[in-house]
2 protein chains.
Amino acid sequence: MRDDPPPTVTLDHVALAAGVSRATVSRALTGSGPVSTGVLRRVHAAAEALGYVADPVARALANGAGTRVVVAVTGPSDVLLDCAYTAQVVMAGARVCAPQGLGVAVRRLPLDAPVGGLLSLARDRTVAGVVLVNATRELLASVPAALRGRVVSIGTGGAEVPAFDVDAGAAAGASVAHLLRSGRRRIAMVTGPPWLPCTERPAAAYRAAVTAAGLPVRVVPGGFDAEAGRAGAEELLARWPDTDAVLAGCDDAALGVMEVLRRHGRQVPGDVAVVGFDDVPLAAVTELTTGTHPVEQIAAAAVGATLTRAPAGETAYFPSELVVRRSA
Amino acid sequence: MRDDPPPTVTLDHVALAAGVSRATVSRALTGSGPVSTGVLRRVHAAAEALGYVADPVARALANGAGTRVVVAVTGPSDVLLDCAYTAQVVMAGARVCAPQGLGVAVRRLPLDAPVGGLLSLARDRTVAGVVLVNATRELLASVPAALRGRVVSIGTGGAEVPAFDVDAGAAAGASVAHLLRSGRRRIAMVTGPPWLPCTERPAAAYRAAVTAAGLPVRVVPGGFDAEAGRAGAEELLARWPDTDAVLAGCDDAALGVMEVLRRHGRQVPGDVAVVGFDDVPLAAVTELTTGTHPVEQIAAAAVGATLTRAPAGETAYFPSELVVRRSA
DNA sequence: GTGAAAGCGCTAACAG
DNA sequence: CTGTTAGCGCTTTCAC
């Protein structure tokens, strides 16, 4: 156990060294106000020399900027917080926050009344930014003014909410194209959760692709877990028994689909091809054809955006690549 | 987008309502100083009524308590930060921190010089606590005084570092017992990373168990990934070709072991039984017999402990349960 | 036991 | 453009 007198360098030290006032140093370092170029250089030099780094806590107290980014996950229950996807988002956030002196926290917004939770985040002075996960349209339309510019969404965005998402539309299109190339002609889709707006894009892309090929549209609502995949597959088989390919909203659902197909005596990929989405570790083991999902990149970008008060506008789409394995 | 004038309740409001000074309210609420029981009740009542909750940012600035707990992962490279295990730890931390107004961050401590990283955390005023993951003995012995009482370890602890760990010793013992019951007599072990002190307990338990049964000890050093498992299995087969059971330090390694065994023509579990540890999702799919590992519980306890300045002492061991599947 | 006063380190009005 | 003056909300000596 070594002892080390923490040699805290404050603004005053830099001010003294640069021969200016604290306010000037603050302006120079944060870029929040006019500073003559000469002084600017001098201040930066002094700060560098002293190894000065602003205390985020003091800064947060002074300007109310907050010290943590909250990942707010909309969902029906806390189990969403147990899934690997959310864990990856939080992890990516923690990595981005680490060098900034900030932290990440996570909380669930109840699916039936998410706005209240967002409001309480708005009046929480520790909150630097909010990253919405699985946001509903209602939520996206009710962002408190106090949070404007500090809230982003992973998935679908809103008028005031910048969005970061995987290009699931293109991925669905590529998947259908692949299935068509391999001769499939009765291609169905089990979508993500119906209440999640970001499931609409891939569904639309699927529709467009099969329609363009002159094939019938076969869609059933699904979800993001194996159980939803099983239910979707059962419905699919009941309505269109001759289906020869299934596109699932995610890998977990795809595995559920495969389970039911096999239970019904269908060979995969012999009788029916199955394509998932996410490329989770299990997909490799089960030889599932799927699309990559750069969750960490997306989350890192989203968290970064809450910190820089990025303007709302176009959704930033991250590319997905089809990974062809045995299942399709 | 609704507007809501943030009705910030401060210490002054409570003081006014309770008819005392701010200092008294502070003492009453934090328990840091003498307060007459009458006043104590009055203050608590007022705080409750007003819905007062102390601003962690202001508090941190005033007493230097910090606003985030940092998960510090010792390892040879950043890829450790990509693994699901670390993500689970960070997620659990984020959940614990959320209601306290705190956040979580994560950083890697280089395996060849972890102490420097810990020192910089010690002088970082934003750091409320540190959770060590994969700490080496060197690191545990060199905790800066400034961090004393605020650093805990997941795995092995130290003189000043409280520890939280799964009871991997008991788990290894139970695994060996299970293998013995099923008739295995030439049981080998592929351990975790040799530089990680917490791999010693399960290895010792394995040794004790096989020795007690009058069987030979067969140990090779391994690691926590599939590659380590593959390498360990190769060495095992080279040195003791008649091995009929392998205990791996974790599931990922166990899967690598199984891969090599099959490549060498051994049937699992026919010729060789394999037992893993962690019970990751993949274990269920691959029908791997393994021990559960309550990572989230352990991490939550560890993060909680950094916040309450828990005293160092005995390691808190969390129970693991053997999950018997096909592989053993 | 309790209150008054002095900061924690920084930012933000407001003068100059 | 720059310095001065106030705080941000809380804790903490120090007298009373």
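I count a residue as buried if 20 or more other C-beta atoms lie within 10 Å of its own, as exposed if 12 or fewer do, and as partly exposed in between, with C-beta atoms placed from the backbone. This is a predicted model, in which local features need pLDDT of at least 70 and side-chain atom pairs count only at pLDDT 80 or more, while totals for chains, interfaces and linings use all residues. Residues are numbered from 1 along each chain as its sequence is written, and chains are lettered from A and ligands numbered from 1 in the order in which they are written.

**Entry 1: chain A**

I began with burial and found that 52% of the 328 residues of chain A count as buried. The C-alpha trace of chain A spans about 80 × 45 × 35 Å along its principal axes. For secondary structure I took DSSP runs, numbered from the N terminus: helices (H or I, at least four residues) and strands (E, at least two). Chain A has 13 helices and 12 strands on this basis. I then looked at contacts, meaning pairs of residues whose C-beta atoms, placed from the backbone, lie within 7 Å. Of the contacts in chain A between residues at least 6 apart in sequence, 69% join residues at least 24 apart.

**Entry 2: strands E1 and E2**

I checked E2(A) for burial: 6 of its 8 residues are buried, so E2(A) is largely enclosed by the rest of the structure. For pairing I required at least two DSSP bridges between two strands. Strand E1 (residues 68–75) of chain A runs parallel to E2(A) and is joined to E2(A) by 8 bridges. I noted one bridge there, in which A:Arg68 has A:Gly103 of E2(A) as its partner.

**Entry 3: the two protein chains**

The same surface serves both copies, as 100% of the contact residues of chain A recur in chain B.

I next took the contact between the chains, to which chain A gives 46 residues and chain B gives 46 residues. On the side of chain A that touches chain B, two or more residues each come from H4, helix H5 (84–97), strand E2 (103–110), helix H6 (114–122) and helix H12 (281–285) of chain A. H5(A) supplies the largest share of that side, 9 residues. I sorted residues into nonpolar (Ala, Val, Leu, Ile, Met, Phe, Trp, Tyr, Cys and Pro), charged (Asp, Glu, Lys and Arg) and polar (the others, Gly among them). The side of chain A that touches chain B then divides into 28 nonpolar, 8 polar and 10 charged residues.

I called a residue near a strand if its C-beta atom, placed from the backbone, lies within 6 Å of it. Around DNA strand C I found 27 residues, of which A:Leu11, A:Ala23, A:Ser26, A:Ala62 and B:Ala23 come nearest. H2 and H4 of chain A, with H2 and H4 of chain B, each give two or more residues to this surface. H4(A) gives the most to the surface near DNA strand C, with 5 residues. That surface divides into 13 nonpolar, 10 polar and 4 charged residues.

DNA strand D is surrounded by 28 residues, the closest being A:Ala23, B:Leu11, B:Ala23, B:Ser26 and B:Ala62. Here the elements giving two or more residues are helix H2 (22–30) and helix H4 (56–63) of chain A and helix H2 (22–30) and helix H4 (56–63) of chain B. I sorted the residues near DNA strand D into 13 nonpolar, 10 polar and 5 charged.

**Entry 4: the four-stranded sheets**

In chain A I traced an open sheet of 4 strands in the order E7-E6-E8-E9, with parallel pairing. Its edge strands, each pairing on one side only, are strand E7 (218–220) and strand E9 (273–275) of chain A. For angles I used lines fitted to C-alpha atoms, for helices over the stretch in contact, with values from 0 to 180 degrees between N-to-C directions. The twist averages 20° from one strand to the next. Strand E8 (residues 245–248) of chain A pairs with E9(A) in the parallel sense over 3 bridges, and A:Leu247 stands opposite A:Val275 in E9(A). Helix H8 (residues 168–181) of chain A packs on the sheet, touching strand E6 (187–190), E8 and E9 of chain A, and its direction makes about 165° with that of E8(A).

I looked up chain B as well, where an open sheet of 4 strands has the order E7-E6-E8-E9 with parallel pairing. Strand E6 (residues 187–190) and strand E8 (residues 245–248) of chain B pair in the parallel sense over 4 bridges.

Note on methods
Two residues are in contact if their C-beta atoms, placed from the backbone, lie within 7 Å.
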